[in-house]
Amino acid sequence: MTAPLLRIRHLTKRFVPDGPPVVDDVAFEVNRGEILVLLGPSGCGKTTTLRLIAGFEHAEHGYIVLDDRVLTVTPGCGGAPGIKPVHIRPERRGIGFVFQDYALFPHLSVLRNTTYGLRGAWWTRKARALEALRLVGMADLAHRKPHTLSGGQQQRVALARSMAPAPKLILLDEPFSNLDAGLREATRLEVRKLLHEQNMAAILVTHDQEEALSFGDRIAVMNCGRIEQIGSPVEVYEKPATTFVASFLGRTNLMKVNAKAGVAPSAIGTLRLDRAVDGDVTVSLRPEHLSLTPAANGDTGEVISRDFRGHDLIFRVRVGEETYTVHTDYRCRFEPGDRVNVLASEAAVVVDAKKK
Amino acid sequence: MAAVALPLGYLAVQSLRAEELPPVFTESNAALLWRTMLLASVVLTVTTLLGLPMAWLTVRTNLAGRRMLAVLAVLPLAIPGYVMAYALLSLGGAYDSVLGNLFGWQIDRPRGFLGAVLALSAYNLPYMFLTLRAAMQDLDPSMEEAARSLGRGRLAVLWTVVMPQLKPAFLAGAMLVILHVVADFGVVSLMGYDTLSRVLWTTYNTSTAQEAAPVAMMLVALACGFIVVEMGLLRRVRLDRAGIGTARKQSLVRIGWWHPLVYLLFAAVFLISVVVPAGTVAYWMSRLGAVQWWPDVREALLRSVEASVPAAICATAIAVPIALMRARYPSKSSFVLERLPFIGYATPALAFALSLIMLCTATWVPDWLYERIYQSLPLLIFAYTFHFLAEAVGPVRSSMYLAGPRLEEASRALGRGRVATFFRVTLPVLRHGLIVSMALVFLSCMKELPLTMLLAPIGFETLAKNVWDYSENVEFAKAAPFALAILLFSAAFVGVLLLEGREDQ
């Protein structure tokens, strides 16, 4: 395997001296052509991380290396303690950045916006810019001014503008959040395809878990300035490492159980766990890994609410002291008040390992 | 930096001198203070009583033609106080008055307190009207609807919901009106009503700058006092929209049969504040006959432009870094930096000019320097620049906020350095703001009177100075062409303001 494109270690940033760090000892890697999604609630430091990589903010600590070129280094990091701090200016980093509000230059046409980051003779710049605009389907509107474009079109121009200089890495700061729902999904797929075709690596920041799951090759879930888990969408969804990851990425049922050799008793019967642990642990059970059957044996529960959503249903079921969320397909026809049994079809995932 | 050093330095000089002189708090000075505050409060009352209903009528009712009426109500902005005073003075009187000559009516010249109140109210009404109107347009109708749904009647809602929300705008408008009245020189001097400003002028004219210093100090202290009070009152107000959701259109109150009465109100205001001055100037122009006025007016015009153009350029050039600092590096110090121009604006012009004179004539200033700067054009330009700097900061700042730092970051991410980014992105984006800033400062300088009176080089006769001189000598016809030139420039000023307002929406 080749070396990663981007390497980040110990990245730390505070906005208030002595205050809590906004980005706290963050480390991750991005491979060539890979799309990494930074996912987290607002204020978790994901945008700051992106701005640190772009060089808009100065890191307090840590190092950032792009393609063997050191972009940021602070003393005591990634080398001898006496190393001289490095902060390459944003314009020298060769990293594209797509802003949430696009930041198109209002005084320049679409074409001029796109040629802005290119060097060389006008006709070569123009050819390159038109090529980038063609990629996003905006070549026809090259002579329009940004304010005459719709949100989706502005978004495409912003993307073309940062892709035109062919950076190795593009940073996307919630670029889809200003689009309306229908357009958002289509644009997302298109951009993903485009990035992969151009073999450009990208880091996307979002607070939308659905977007993260569908867009990313890998997902890094951030909370309070720290990365809680990094992995492929499937890994992160199916094997959340912490309670935060489990509850932030989709719905989940969290419960405290007393495990013994990989199994644990619970209100809905004995649970199979995903690993052999002993003692008090918290486990996560996804609602779609639960199913309902008409009450038969001892551990029955009562349906307390039913949310019909057309293609599927979400039930809330009370069993003893606990309430479970159960996600079933359209065929499950229970009504509030019905007595049911809750069955787990998959192993529950242990989200706080033994160390606690 | 100069903006900081200047007022502070002058205050220090001022207070040092003041100690060697008769104390500030004499009985006559107390009376002066009282007369100034009386004038300010009466003008404030008049402008509020007129401005509030006028704003409400043009925003919240179905008054036919309310947009047009709003524009008409703003027009008096184009008429400087001293032109207003000139017009009112020449209306009446025993000999050669407008009304006397045209209709044979004999009325007393509206001099003194009453005349000052009339002229200052007419001139200041648009400021109050505009601030209140803007605030009313921003009111969130859902708050009023919420109050209605909670069982309050229309009138109760007006008092409990609408009025409290208008408070910051009212305070801002009141601040402007009071500062204008306190600092006014043109109106009170022509009307012959003694306020701090007028006494400062007569003292300086008949005696020395040192003698006038205590009065100038009081003037500054009074302005500062009002600003402190206003900031204190504003601090306790918080008016953010809590919660999200878009504000909807306001419902309009039907005024039906009140229409004629409302038109009468607007017509009366318009008559006094626009028709009278414009008509008077036109009348005296027609009376000029064969008098050769053009060479003098051209000369004055050139003088005015000679001082105003450099001031407009300097003020805008200084405004850019100030606005840039505030918008890009928000911190306590850049906040203070951004406020500094307002000190120059709020400091009464006469006191500011006097302080500059005192600085120039201070004994420690070497002779060669004194000869260069005292009563020199650069000093006048300097005074204009810092007095009107606040007007230049506003438009630059708002266009900078419109642009936002993302644009510059985008340029940096595309491989352009700081300098290239400034010239290729920041400046072009600011262009509109820069033009508006320059236009505003230029036109303000063209109308400026008190600074010019004290600081202009000998024989440097601007348009404003000519109007004042001729009016003071009761030569109304001779003043007319100069007043007309000022009215034309002022109309352009209002035009710029209105255009800028339109682009903001």
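Buried means under 20% relative accessible area, exposed over 50%, and partly exposed in between, with a 1.4 Å probe and protein chains only. The model is predicted, so local features need pLDDT of at least 70 and side-chain atom pairs count only at pLDDT 80 or more, while totals for chains, interfaces and linings use all residues. Residues are numbered from 1 along each chain as its sequence is written, chains are lettered from A and ligands numbered from 1 in the order in which they are written, and side-chain values use heavy atoms, with hydrogens and water left out.

**Exercise 1. Salt bridges of chain A**

Task: find the partner with which E91(A) forms a salt bridge, and classify both residues by burial.

Solution. A salt bridge is a side-chain nitrogen of Lys or Arg within 4 Å of a carboxyl oxygen of Asp or Glu. The partner of E91(A) is R89(A), with the closest N and O atoms 3.4 Å apart. E91(A) has a relative accessible area of 10% and is therefore buried, whereas R89(A), at 37%, counts as partly exposed.

Task: state which parts of chain A are tied together by E34(A) and R218(A).

Solution. The side chains of E34(A) and R218(A) meet in a salt bridge of 2.6 Å, N to O. E34(A) lies in the loop between β2 (23–30) and β3 (35–39) of chain A and R218(A) in strand β10 (residues 218–223), so the pair ties together parts that are 184 residues apart in sequence. Strands here are DSSP runs of E with at least two residues, and helices are runs of H or I with at least four, numbered from the N terminus. As for burial, E34(A) counts as buried because its relative accessibility is 9%.

**Exercise 2. A helix and its surroundings**

Task: decide whether helix α1 (residues 46–54) of chain A is largely enclosed or open.

Solution. In this helix, 8 of the 9 residues are buried, so the rest of the structure largely encloses it. The buried residues include R51(A), L52(A) and I53(A). Just after α1(A), G55(A) takes a positive phi of about 90°.
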